[in-house]
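Hi everyone, thanks for coming.

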Amino acid sequence: MQITIDKSPALEFAADALIVPIFEGVKETRFGAGDLVDSGEVAGKPLELTILHHVNGVAATRVVLAGAGKTEKFTSGDLRKLVAAGVRLLRGKSVKKVAFEPDADHGSPEFISAAVEGAILGNFEPDRLKTLDPKKSLDQFTVVSSADGAAEAAERGRIIAEAQNFTRNMVNEPANLLTPTKMAAMARQMAFESGLECEVLEQSQMQELGMGALLGVSQGSAEPPAFIVIGYRPADSTSKAHLGLIGKGVTFDTGGISIKPSDGMEKMKYDMAGGAAMIGAMRAIAQLKPPIPVTAFVPCVENMPGSKAQRPGDIVTAMSGKTIEVLNTDAEGRLILADALAYARKQGCTHLVDAATLTGAIVVALGHLNVGLFSNNDAMRDRVLQASKSEGERMWPMPLDDDYKEYLKSAFADMGNIGGRWGGAITAAMFLKEFAEDTPWVHLDIAGTAWMDDAKPYISKGPTGLPLRTLVRLAMDWKD
Ligand code: BES
Ligand code: ZN
Ligand code: ZN
């Protein structure tokens, strides 16, 4: 979709549709909306959408009155959703060219970026492999604005949302088409096109590095593992920080020998969503050029049962030297991340963020609305929370007291890979903490938020692309 800025008056802009926000209790008299407001048909409630055709004095064929709620509460996050909902309503109606005019109070660069993001994210549909229904996406989205910095803001929004859709497409790929090898090839291609460094470690290199925890998970699959490393270096950085982004890349999680029930197992293709978010974040970072070096680490494996698969009771030695008793082969994400965290530290990262579809328990705790956030460092936790707030990607801090460590004890190794019945998301995070060691680190459990089970007016069913925007913002706003 092409993104443009236009300075001409909105009423004169020729388009298939013009989206305008309508606030609760604020009477909009243009666009023939006055009577509808008076009668209560248009109340400006959040996400209430009303399409008007051929309005007098408006060059656009349609006007979409987009309910925005209370004006004083309206955030850029609300605008992102509102524009996305408008776009999703229109894309089903053979509309190709859409314009949007922000109201006088919500037209700053931050809002313009959000509007563009909403348009691009709303225009996304996970239909790459549907051959029967013709695609009905929009061709053009124009923000009507003469504000300072509008063009730069639109461009920033475009870069971020296109990266997020890149991630969503990767997450949606089925596991027969997206093997670890293919995921690495896609990452390499992206890095090449973006001018980023990319290295893919293969199995023999992982063996040399002693990544026993990762290799134990991978050994049950005929597909070889791949460990993707993508690096961004700013032209002239004075920062001492080096941000490491670690993402779980399980291209399919059957559970292994501790096999999952077949009901719903098809969803486990999204068990690489954390890794895909990191790869997508690097795509945006390459273009937006934050002030600090950033390296993404994405261990990719397929977790399969079979005659070569790891068994419950197996003991593996992680790269850090710690031994782990694999009490449940379905708790595989933490095993591959253990070696990825150790490797990121070894590569000189001073600050770490990982994202992983790690536990069903985080979905029990927080539902589908908040990412579970765990950290070993208050300052690092606050940085990530701040970034997530700015981006409207909700995250909720979870506890990680040292006392939880005893939940992971093993009779025969340094630790087990599962805790008991309770606090499953916390014990998983506690396990990772052992490998982040003293490096400031945040763990994001995205099992409940990386995938939408049902469509909403502003987003399709399927991959969300979380927490890409938070990670990009974290890098962009970095101050030592
Ligand atoms: N990939 C799953 C977690 C998951 C569950 C993601 C539901 C998305 C939706 C993970 O590898 C897993 O299987 N975790 C187990 C851990 C348990 C064996 C301690 C879980 O959550 O059941
Ligand atoms: Zn699992
Ligand atoms: Zn998993």
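Let's start with K260: one of its polar side-chain atoms sits 2.8 Å from an oxygen atom of ligand 1. That's a polar contact, meaning a pair of N or O atoms within 3.5 Å. Taken alone, ligand 1 exposes 510 Å², and the protein buries 77% of that; these accessible areas come from the Shrake-Rupley method with a 1.4 Å probe.

Quick housekeeping. This is a predicted model, where local features need pLDDT of at least 70 and side-chain atom pairs count only at pLDDT 80 or more, while totals for chains, interfaces and linings use all residues. Residues are numbered from 1 along each chain as its sequence is written, chains are lettered from A and ligands numbered from 1 in the order in which they are written, and side-chain values use heavy atoms, with hydrogens and water left out.

Back to ligand 1. D330 also has a polar side-chain atom by an oxygen atom of the ligand, at 2.7 Å, and for K248 the distance is 3.2 Å. There are 16 residues around ligand 1, and K260, D271, D330, E332 and G360 come nearest; "around" here means having a heavy atom within 4 Å. What classes make up that shell around ligand 1? Five residues are nonpolar, four polar and seven charged.

Now the metals. Which residues coordinate the zinc ion we call ligand 3? They are K248 (NZ), D253 (OD), D271 (OD) and E332 (OE), at 2.0 to 2.4 Å. Donors are N, O and S atoms within 2.8 Å of the metal (3.2 Å for Na, K and Ca), and water is not among the atoms, so sites may look incomplete. Along the chain, the donors of ligand 3 follow the spacing K-x4-D-x17-D-x60-E.

Key:
Polar contact = N/O pair within 3.5 Å; in protein donor to acceptor, adjacent residues only side chain to side chain. Nonpolar A, V, L, I, M, F, W, Y, C, P; charged D, E, K, R; others polar.
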